[in-house]
Amino acid sequence: MSVREVNFDGLVGPTHNYSGLALGNVASMTHEGLVANPREAALQGLAKMKALMEAGYAQGVLPPQQRPDLGALRSLGFTGSDAEVLARAAGEAPQILRAVCSASSMWTANAATVTPSVDAPDGRVHFTPANLQSSFHRFLEPATTARVLAAIFRDEARFAHHPVLPASPAFSDEGAANHTRLCGGHGEPGVHLYVYGREAFGWGLDKGVAPRRFPARQTLEASQAVARQHGLGESQTVFAQQHPDAIDAGVFHNDVIAVGNGPVLLYHEMAFLDERATLDELRAKLATPLIPVRVPAEAVSLEDAVASYLFNSQLLSNPDGSMTLVVPGECQERESVWRTLQDHLLAGHNPIAEVVVKDVKQSMRNGGGPACLRLRVVLSEAERAALSGRVLLDEALFGELTAWVERHYRDRLAPEDLADPHLAVETLTALDELTRILAIGSVYPFQQG
């Protein structure tokens, strides 16, 4: 256990709201305009973190972003005092205001792509923040994400930080949501499965298959560039195209249709355009036998997979070699999904021995389940000791973060509340205090002048 996977969950930010910003994310689009409860959302996320910590899993915390992003509004021509900028944006461009208030950084699976030191040629842990250029509200995140990761993983002898890929459709990168590392054990060399939705160069009607309804967010070229940055060779990587029909059904990231851990790949039969070729290449490159756990469409339809987020679950390793699957409560609400969990997964010949249900409804209504909420970072004992700040969850930190949320967060937030200048002041006050609790220094633009 000297090498462990640490799940760094994103704290839900004080401006958590339902603005329906994510095209192709069915839950986000469906719940647009609802009144959100930021306090409940943050407490639900913390409760999940605490439960996993108490079960013996290594649990980390990442802070939310500075929202509303008044700097972004000013760069778009809105002038005046903070209150005037917010009022003018609300009147002239309400969708832009909603975008700069998004709390989407809670889904840290999109924060970056990570390669552990055991796989990297220089023996360091490698990070590339995702550019998230496919949507404006997420495109605002990478600069702060890079500062946060650099503040926590500061030791240059152990951690390597790479620049964000160019913010171009050709290099559209959504981070670890489209990346899965498969291996025998976390401390053993692994194979990196990069899943993309489209090719950027040379793409045409006569080449390949593309989704028709929703955009494909990850490009092959972006995945290849990240692998190059991290020094991964051909024998360590598999690049597979996501099935376009799945994207059109609302599977905007691969982690909505597949999840891997150790040698286990739990996936829906519609996850990959060429299922057989993907599995064959993984088998050929893995040093340990691949354990594919396939869920057929006749058992769980794409619609039910998207509605329940069955595959957007955390698959976690236990000391006895078994695995635990942490699923959202919505899985119990779909008969086909719950039956599949009990009869197919738990009764099958695979290491999944337990299913744990967690309530993350506030996140789910915006289109993010348990797997969206965490960035997986495999660290040795020495690398964990080299972390800066106070970001590994324990009872004391949990108590302080809970009290912090209860002090600063509203229990009601509707889209029309986003123009309230008091909300901006409340948020900056909360984030300034949070950086002191986490001891990560001045990572936010307002703290840097």
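These notebook entries record what I looked up in a predicted model.

**Entry 1: Ground rules.** I number residues from 1 along each chain as its sequence is written, and I use heavy atoms for side-chain values, leaving out hydrogens and water. The model is predicted, and local features need pLDDT of at least 70, side-chain atom pairs count only at pLDDT 80 or more, and totals for chains, interfaces and linings use all residues.

**Entry 2: Helix α2.** Helix α2 has 17 residues and reaches 24 Å from its first C-alpha to its last, close to the 24 Å expected at 1.5 Å a residue; the expected span is 1.5 Å times one less than the number of residues.

I asked how many residues of α2 are buried. Buried means under 20% relative accessible area, exposed over 50%, and partly exposed in between, with a 1.4 Å probe and protein chains only. I found that 12 of the 17 are buried, so α2 is largely enclosed by the rest of the structure. Among them are P38, Q44, G45, K48 and K50.

At the start of α2, I noted a side-chain oxygen of N37 within 3.2 Å of the backbone nitrogen of R39. Just after α2, G56 has a positive phi of about 100°.

**Entry 3: Aromatic pairs.** I counted rings of Phe, Tyr and Trp (its six-membered ring) as pairs if their centres lie within 6.5 Å; planes under 30 degrees apart are stacked, over 60 edge-to-face, and the rest tilted. The count comes to nine aromatic pairs by this rule. One of them is the stacked pair of Y194 and F239, with 5.3 Å centre to centre and 20° between the planes. Y194 lies in strand β7 (residues 190-196) and F239 in strand β8 (residues 237-241), so this pair ties together parts that are 45 residues apart in sequence. Y194 is buried at 2% relative accessible area, whereas F239 is partly exposed at 26%.

I then looked at Y444 and F446, whose ring centres are 5.9 Å apart with planes at 15°, so this pair is stacked too. Y444 is buried, with a relative accessible area of 0%, and F446 is partly exposed at 27%. I also recorded one aromatic cluster, formed by F8, F127, F153 and F159.

**Entry 4: Residue F136.** I located F136 in helix α6, residues 136-139. F136 counts as partly exposed because its relative accessibility is 35%.

Note on methods:
Helices (H or I, at least four residues) and strands (E, at least two) are DSSP runs, numbered from the N terminus. A polar contact is a pair of N or O atoms within 3.5 Å; within protein, one must be able to donate a hydrogen and the other to accept it, and residues adjacent in sequence count only if both atoms are side-chain atoms.
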